[in-house]
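The points may be read alongside the sequence and the model.

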Amino acid sequence: MLNTEVKNMKDMKNTVIETKDLWKKYRGRAAVENLNLNISKGEIYGFLGPNGAGKTTTIRMLLGLITPTSGSIEIFGQDLRKNKLQILRKIGSLVESPSYYGHLSAVDNLEVIRRILDVSKSRIPEVLDIVSLTGEEKRPVKGFSLGMKQRLGIAAALLGSPELLILDEPTNGLDPSGIQEIRSLIKRLPLEQGITVLVSSHLLSEIEQMADTVGIIRQGQLIYQDTITNLQQQAAGEMRLHVSDPIVALNLAGHCGYDGALREDKLIFSRMNDARVALLVKELVENGHSVYRVEEHRQSLEDFFLQVIGGGEA
Amino acid sequence: MSMGSFWRICASERLKMSKSYIWLLVILSPAIAILPGALSIRDGEEVTWGLLLSVMSVVHGLLFLPVLSGIFAALICRYEHQDGGWKLLLSLPVTRMKVYLSKYVMIIALLGVVQLLFLVCLLGMGWIRDAAAPVPWSILLFSVFGGWIACLPLAALQLAVSQGWSSFGAPLALNVSLTIPNILIANSATYGPYYPWVQPSLAMTPNGQDGFGAFNLPLDSLMIVVLGSLIVFLVAGLFFFWRKAV
Ligand SMILES: Nc1ncnc2c1ncn2[C@@H]1O[C@H](COP(=O)(O)OP(=O)(O)OP(=O)(O)O)[C@@H](O)[C@H]1O
Ligand SMILES: [Mg+2]
């Protein structure tokens, strides 16, 4: 009874990937620690973290390439351990460096996969066109450049018309125009075909330009998971006020419901809208303070990211 | 549905294999066997099928069949090890069991083709050298088929080793070092029947008096050594492949 209720709620939220307390340990050392991912249908989920954070390890667990030390994985509402084939049939993936058969041409590489997926032969020219590899399809792939191999990998991921695309650093090795192309392709997929995308990267700027939701992983732990809009807001910066008598002023502001701090004789508040700034200034002036300067200090998203991922060491 | 997906994996394996140089190796040993077949001379005596079979199968059975079992296994795993093939393949909707068995089927199919070509070379040689009629079909077929059966456990072991070691040379070195003792063991009545690597040779060599119409291997040796090692090697290989981290 309760179980079906939970299922219904999931359907409403349309959760595509849900991991619960997922762990992967290598010789006692955790590569992924207590990970609770939650990815909804039709969104682009940016999986962000520095080198060695555990992104690839997580993705390999999602694809059943390695088994978790503990915890569970549900994809499309099904347990990965029990329904692996049905789940994998609906996933297209690209893990770490591009995978290919060097002695085969691009078309034959895709044909190898097509025979297993049992999709129509016409999908091959279609996906080659999507990643702009038309014209190169007859050459052995071992002669391809890294970027071309990467494109082939993305073509292979798209071949089975997946509902979920898992791409591990897909723009690795691509030139700027290639990055732009792949980025716009990734952004198009959810809109046009309702595909859900999990894309990992160690570059915030990349995730920021593509993702709807971002999960930040550091040393195997998910330390942030929210929409990109909220992330931008949190990173938006602070207000700094120079006033005649900072200590008393801070006290007064506190009474009026403004949570602030004192730094270098300045009052520091988190970012607020114009009306609240005006109200605060009015309050201070009416109580005899001189307000010399009101500054907005913007922190870049990159700074915020570094601050978040640096949190453990600080 | 279940069997269909297995054949689809096999079709995919065939394509991966077809564009490699594996085919040259298939022809190699039967072609080499032509030499002793052509050169064996018995003054004044008539060329017999038994003579041709025994001279042509010596190097083929003693050396090439066991070594080829290892080379085919290593080649069929090589393109998976090289550029992320395993993770490409295993993130598709396939079970590891079917992937593993399809690879095994490819290896033993290649060995089957080798044996058929050997038979063709043997028949051709008999025809050219005007061997005494009639063709002793049952002896020839049992020799060729028995040699193939005796290769099955070797192929299973080599596949188990090759899927685990990403190096191409290491499984081959192991294979060759297990095959070399054949030279000594083949003539040993005590150890011969129990050494898996010598079974292809024993199975293929015509057995003088009582080899007619039966496997050239004594039946209990075939059952215990060949089938026993086949099951052990295949199950062990599957077990490790099942747990393989990709
Ligand atoms: N097979 C393994 N054996 C031991 N440790 C491993 C293994 N695979 C991964 N690790 C460790 O797990 C941690 C996470 O690695 P992972 O490859 O998931 O990082 P990542 O986030 O993908 O990094 P990158 O941005 O460099 O690709 C690393 O510390 C790595 O050393
Ligand atoms: Mg990685």
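1. In this predicted model, strands β8(A) and β9(A) run parallel and are joined by five bridges. Within this pairing, L167(A) stands opposite V199(A) of β9(A). The two strands also belong, together with helix α7 (residues 176–193) of chain A, to a right-handed β-α-β unit.

2. On its other pairing, β9(A) is linked to β4(A) by five bridges, and these strands likewise run parallel. Here I44(A) has V197(A) in β9(A) as its bridge partner.

3. Helix α2 (residues 55–62) of chain A lies across β4 (44–48), β8, β9 (196–201) and β10 (213–218) of that chain. The helix runs at about 150° to β9(A).

4. These strands form part of an open sheet of six strands in chain A, with mixed pairing and the order β7-β8-β9-β4-β10-β11. The edges are taken by β7 (91–94) and β11 (221–227) of chain A; each has a single partner strand, so one side of each is left without a neighbour in the sheet. On average, neighbouring strands of this sheet are turned by 15° against each other, direction ignored.

5. Edge strand β7(A) is joined to β8 (residues 164–168) of chain A by four bridges, and the two run parallel. G92(A) has L165(A) in β8(A) as its bridge partner.

Conventions:
Residues numbered from 1 in each chain as written. Chains lettered and ligands numbered in written order. Predicted model: local features only at pLDDT ≥ 70, side-chain atom pairs only at ≥ 80, totals over all residues. Heavy atoms only, no water. Pairing = 2+ DSSP bridges. Axes fitted to C-alpha atoms, helices over the stretch in contact; angles between N-to-C directions. Contact = heavy atoms within 4.5 Å. Right-handed = clockwise from strand over helix to strand, strands pointing away.
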